[in-house]
Amino acid sequence: MLIMKAFRASFVGLTCLSFASLVALAQTPATKSTASSKAVAVLHPSAGNKVNGAVTFTPVADGVQIHAELAGLTPGKHGFHVHEFGDCSAADASSAGAHFNPTGQPHAGPDTAARHEGDMGNIEADASGNAKLDYVDHQISLANDAKSVIGRSVVVHAKSDDLKTQPSGDSGARIACGVIGWAKSQ
Ligand SMILES: [Cu+2]
Ligand SMILES: [Zn+2]
């Protein structure tokens with residue numbers, strides 16, 4: 001009899017506990033995937049190239065902080081853009097489409113007001129082929145709006161972007177591509 005009571009008590013206890021953890025689980029997604037979350041694109045080389053790296057997008061007061069670290073580049077400047085489609089499946093990354101341009105502007109550099117949203121300019125590699133870039137972009141968004149880069153892609157090019165030739169800065173072949181998705185918040 002005593003054993004039965006103890007068993008019943010622990011069974012009730014367990015049931016309450018699992019209900020509580022279910023509630024906790026159900027609430028977790030609501031606190032994620034907000035505009036305060038950060039995004040990431042992990043870049044892979046297109047056919048015949050060896051560029052790898054990652055680009056993170058973090059919301060800050062006056063825009064989106066972009067931090068890029070790449071390796072396997074030729075020394076010098078390389079065009080660096082957000083392209084319209086989150087599809088890096090083609091061997092030459094042509095599946096990523098054109099520069100992300102939801103407002104119908106001409107191609108330009110990141111500091112020009114009238115530009116493609118995707119115009120991040122250039123990333124410059126050192127003599128070892130490594131590149132780092134840190135700047136705050138004032139036009140792109142991570143919110144659920146027309147300027148959001150979520151679900152689009154980052155593309156790195158073989159040549160430098162001259163920031164003026166239409167429609168893509170004459171930056172040549174696409175040597176790396178990565179889809180932009182939500183990252184784990186820290
Ligand atoms: Cu591009
Ligand atoms: Zn452009």
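Which residue takes a positive phi in the hairpin of β1 and β2? The points below take up that question, together with the confidence, the strand pairing and the core of this predicted model.

1. On the hairpin of β1 and β2, the residue in question is G48, whose phi is positive and near 85°, and the hairpin has six residues between its strands. The two strands themselves run antiparallel and are joined by five bridges, with A41 standing opposite V55 in β2.

2. As to the overall build, the protein chain contains one helix and eight strands, and their order along the sequence is α-β-β-β-β-β-β-β-β. Of the contacts between residues at least 6 apart in sequence, 62% link residues at least 24 apart, while buried residues account for 33% of the 186 residues in the chain.

3. Confidence deserves a word before any detail is read. The chain has a mean pLDDT of 88, with 80% of its residues at 70 or more. Over residues 11-17, however, pLDDT stays under 50, and the model shows zero contacts there beyond four places in sequence. The stretch 21-34 is likewise below 50 in pLDDT, and has three contacts in the model beyond near neighbours in sequence.

4. E69 finds its bridge partner in K132 of β6.

5. β1, which pairs with β2 over five bridges, is also joined to β8 by five bridges, and this second pairing is antiparallel as well. The bridge partner of H44 in β8 is C177.

6. The largest nonpolar core holds 32 residues, of which L43, L70, V149 and V156 touch the most other members. Two or more residues each are given to this core by β1 (39-45), β2 (52-60), β3 (63-71), β4 (76-83), β5 (119-125), β7 (153-157) and β8 (174-182). The largest share, five residues, is that of β8. In soluble globular proteins, nonpolar side chains tend to be buried together.

7. Which residues does L70 contact once its neighbours within four places in sequence are left aside? They are L43, V51, G53, I123, A131 and V156; of these, L43 and V156 are themselves among the core members that touch the most others.

8. A contrasting position is P167, which lies in the loop between β7 and β8. Why does P167 count as exposed? The reason is that P167 has 11 C-beta neighbours inside 10 Å, and a residue is classed as exposed if that number is 12 or fewer. Even so, P167 touches A98, H99 and H107, with residues up to four places away in sequence not counted. From C-alpha to C-alpha, P167 and A108 are 8.9 Å apart in space, although 59 residues separate them in sequence.

Methods
Residues numbered from 1 in each chain as written. Chains lettered and ligands numbered in written order. Helix = DSSP H or I, 4+ residues; strand = E, 2+ residues; numbered from the N terminus. Buried ≥ 20, exposed ≤ 12 C-beta atoms within 10 Å, placed from the backbone. Contact = placed C-beta atoms within 7 Å. pLDDT = per-residue confidence, 0-100. Core = buried A, V, L, I, M, F, W, Y, C linked by C-beta atoms within 7 Å. Pairing = 2+ DSSP bridges.
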